[in-house]
Amino acid sequence: MNRTTLSLIAGTTALVAVTGFAALNTPAAPGHGPAKAAAQLPVERTTLVCPTPSNSEIADTSYTSFTPVTDGTGSAGQARLQAATEESGTGTGDTSSTGTGKDNGSGKGNAKGNGDAKKKAGKPVLEPKQPGTPVTGDTSGADAPALIGTAEGRFAPGWTMQETTEVAAGTGRGLQGVNCTAPDTEFWFPGASTASSRSDYVHLTNPDDSAAVVDIELYGKNGAVKSTVGEGITVQPHSSEPVLLSTLADAPQEDLTVHVSVRSGRVGAAVQALDAKLGGDWLAAATDPAGSLVLPGIPKDATSVRLIAFTPADADADLKVRLASPSGLITPAGHETVHVKGGTTTAVDLGDVTRGEAGSLVLTPTSRSVRVVAALRVVRGKGGGAQETAFIPATGPIGTRATSAGSSGKDTTLSLTAPTATAQVKVTASAGSGGGTPVSRTYTIKAGTTQDIVPPAPSGLKGTYALTVQRLSGGPVYGARTLAATQEGVPGFTVQTLPDDRGTVAVPQADQDLSVLQR
């Protein structure tokens, strides 16, 4: 086997680990004509992990599983979501009890843990019946476990899981939502905090058969927070570990960037940010460090928007700040640029930057490009305990398709932005989890603008539904979906971004001549 073939197989193996499973055929002998473009084939296996939803006894959590219909998948396959079998109990955070869920055969499950997960982990919490139709489950209380899921065959391409929790009172009260994540080896979380009003946990979930070893680093306004407590955290197989961030720092810090890196194995990671006064939500991982970033979907009635940015580079970053509004790109008065010192976290209060209109934040270098990560902390409501918080991390574009599950009628807003060039997209609302007929509409997003769309609801909708966004033409499109639920005057909301669902993978064709790749 020559070095070129070995490198190609190694690259395909990396894609398998991140996005699913792909088959690689041995190439034909050299000299059979020009190289053909790699074929885009549906992934054949996808793994997702959902963090432990809450430590509140009055929490109500719902799960929604959805796979969009994908051409070329065949008729075989299955998807199963199960409770993590055990908590490893070796980290610095409190562990949660675990259990397994029960599926009643109708698509609605009960994910409540029963404290006997090792014996009954084989029973799925959720087991989807067919692509194109969501499946839901629910649980309540503080003993709901983390979940680990695997989809194969026709259920794998674009498989999406949404975890949504309502907490009526106490620290972190409000609406908390998170897309269950694919396991990986590195995550960035700008926007975390160890302030006295905050209780932030990073949840680490290991879906594999061998232990994972993880390092957690914190970066504040003065650089790295010195601590050895976050080094070498072991996450046992098929288990989840919540780590309280304040145990990793000697003094409280208002704005932090969390860097999770995996020495061995892989994990899913998410930060649960709980505030005693401003409610709470999940902080999902930001897209990888880059010179330009887009943070889509700021609610038009946001009363406070705070930008948190970090650069892992030694050099400083100077960023131009612009808001993609319904009428085009504008520069917020008094916040034309932001300076981020190398290796440090910088925070800037942008106030009510959207001023009653849809908006997305666009960050670009003023001159030299330096890699940064960023997120927004968004607050709705005004004073007197009537405020709620959500987070919007910088995200990647919708390359081909993106999906968000768990939508519900008028309380759902889809925000789409095309920062550089006009684009056309198709938005499809799936059948409901309890019935209904899918419906699709096409939208044009003008260059430099953000559109807030009340998405089409399936006709005859029963239950919740999923939204799938496909970019048809034009420039890159970024998106986010907001769920809202007002309780006792508190405007609860949660925002999930819509990166590409990576439902396909490029695979060399069987007769491709790889000799052209040799140097």
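Student: What makes the link between the side chains of T164 and Q162 a polar contact?
Tutor: The distance between the two side chains is 3.0 Å. A polar contact is a pair of N or O atoms within 3.5 Å; within protein, one must be able to donate a hydrogen and the other to accept it, and residues adjacent in sequence count only if both atoms are side-chain atoms. So the pair, at 3.0 Å, is listed as a polar contact. This is a predicted model, in which local features need pLDDT of at least 70 and side-chain atom pairs count only at pLDDT 80 or more, while totals for chains, interfaces and linings use all residues. Residues are numbered from 1 along each chain as its sequence is written, and side-chain values use heavy atoms, with hydrogens and water left out.

Student: Why is T164 called buried?
Tutor: Its relative accessible area is 11%. Buried means under 20%, exposed over 50%, and partly exposed in between (1.4 Å probe, protein chains only), so T164 counts as buried.

Student: Which residues does T164 touch, leaving aside those up to four places away in sequence?
Tutor: They are D60, T61, S62, L175, Q176, G177 and L483. Contact means heavy atoms within 4.5 Å.

Student: Why is strand β13 described as largely enclosed?
Tutor: Seven of the nine residues of β13 (residues 212-220) are buried, so the rest of the structure largely encloses this strand.

Student: How do you know that β13 pairs with β17?
Tutor: Two strands pair if DSSP finds at least two bridges between them. Seven bridges join β13 to β17 (residues 256-264), so the two are paired, and they run antiparallel. In one of these bridges, E217 has H259 as its partner.

Student: Which other strands pair with β13?
Tutor: β15 (residues 233-235) is antiparallel to β13, with three bridges, including A212 to V235. β14 (residues 223-224) also pairs in the antiparallel sense, over two bridges; G220 is bridged to G223. A hairpin of two residues joins β13 to β14.

Notes
Helices (H or I, at least four residues) and strands (E, at least two) are DSSP runs, numbered from the N terminus.
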